[in-house]
Amino acid sequence: MSWAPPRRDRVALCEYIDGRVRRPHCFAGNDCACFVLGAVHAQFGISPILPVSWSTERGALRAIAKLGGIEAACDRLFRPIAPGEAQFGDIAGVEDPVRGFHVMLVEGATLCSPGETDLMRVPRAEMICAWS
C-alpha cells in the first residue's frame, strides 16, 4: 500500500482567500510566507512549521537568510513542480524587481499574495517556479 497525499479542501481554500482579501501585507503574520503556509493549512489541515520567526521586515530578512533563501526552503518543504503543472492552491515563486523573490498562491490564471492594502494579484505568466 502506498501513501497518498491528503485531498485538497478547495472550499476551505476559497474561504481562506476570501478572508484575506482586505488584509494588508504585514510582517507580523500576513506576509507572503505566512499567507501561503496558511493556504496549505486551509487545504490540508496541516502545514510545515518553519524553524524561524519574525515580526518585522528586518527579522524576515534574517529568517530568510537562516533558511538559505525562500526558494531553498520551499524546495525542502514541498515538491517542486514545473510552473505549467501548478494547480489551484499550489505555491508559485515570483521575481519582483522591488520585492525580490517571493511566494504567491496559484489561483488559476492569477497568483495572489498580500499586497499593500489587500490581496495583490499578478498574471500566472510571472511564475518562475512552483511547488505542490
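Residues are called buried under 20% relative accessible area, exposed over 50% and partly exposed in between, with a 1.4 Å probe and protein chains only. The structure is a predicted model, in which local features need pLDDT of at least 70, side-chain atom pairs count only at pLDDT 80 or more, and totals for chains, interfaces and linings use all residues. Numbering runs from 1 along each chain as its sequence is written, and side-chain values use heavy atoms, with hydrogens and water left out.

By the burial criterion, Tyr 16 and Phe 35 are both buried. They also form an aromatic pair, with ring centres 5.5 Å apart and planes at 35°, so the pair is tilted. Rings of Phe, Tyr and Trp (its six-membered ring) pair if their centres lie within 6.5 Å; planes under 30 degrees apart count as stacked, over 60 as edge-to-face and the rest as tilted. A search of the whole structure finds 1 such pair. Tyr 16 belongs to helix 1 (residues 10–20) and Phe 35 to helix 2, so the pair ties together parts 19 residues apart in sequence. Helices (H or I, at least four residues) and strands (E, at least two) are DSSP runs, numbered from the N terminus.

Helix 2 has 13 residues. From first C-alpha to last it reaches 18 Å, close to the 18 Å expected at 1.5 Å a residue. The expected span is 1.5 Å times one less than the number of residues. Of the 13 residues, 10 are buried, so helix 2 is largely enclosed by the rest of the structure. Among them are Cys 32, Phe 35, Val 36, Leu 37 and Gln 43. The buried residues of helix 2 pack against helix 1, strand 2 (91–96), strand 3, strand 4 (110–114) and strand 5 (119–123). Contact here means heavy atoms within 4.5 Å.

Ser 113 sits in strand 4. Its relative accessibility is 0%, and it counts as buried. Beyond residues up to four places away in sequence, Ser 113 touches Cys 32 and Phe 35, as well as Arg 99, His 102, Val 103, Met 104, Asp 118, Leu 119 and Met 120.

Phe 101 lies in strand 3. It is buried, at 19% relative accessible area. Neighbours within four places aside, the contacts of Phe 101 include Ile 70, Glu 71, Gly 93 and Trp 131.

Cys 74 is placed in helix 4. It is buried, with a relative accessible area of 7%. Residues up to four places away in sequence aside, Cys 74 touches Val 103 and Trp 131. Its C-alpha lies 9.2 Å from that of Gly 93, 19 residues apart along the chain.

The largest pocket holds about 560 Å³ of space. On a 1 Å grid over the protein atoms alone, a pocket is an open set of points with protein on both sides within 12 Å along at least five of seven lines, and lining residues have an atom within 4 Å of a point. The lining comprises 30 residues, with Phe 27, Cys 32, Ile 64, Ile 70 and His 102 nearest the centre. Helix 2 (32–44), helix 3 (57–67), helix 4 (70–77) and strand 3 (100–106) each supply at least two lining residues. Helix 3 gives the largest share, 6 residues. By class, the lining has 23 nonpolar, 3 polar and 4 charged residues.

Conventions
On a 1 Å grid over the protein atoms alone, a cavity is a set of points where a 1.4 Å probe fits but cannot get out, and a pocket is an open set with protein on both sides within 12 Å along at least five of seven lines; lining residues have an atom within 4 Å of a point. Grid points are joined across faces, edges and corners, and a volume is the space filled by probe spheres set on the points. Ala, Val, Leu, Ile, Met, Phe, Trp, Tyr, Cys and Pro count as nonpolar, Asp, Glu, Lys and Arg as charged, and the others, Gly among them, as polar.
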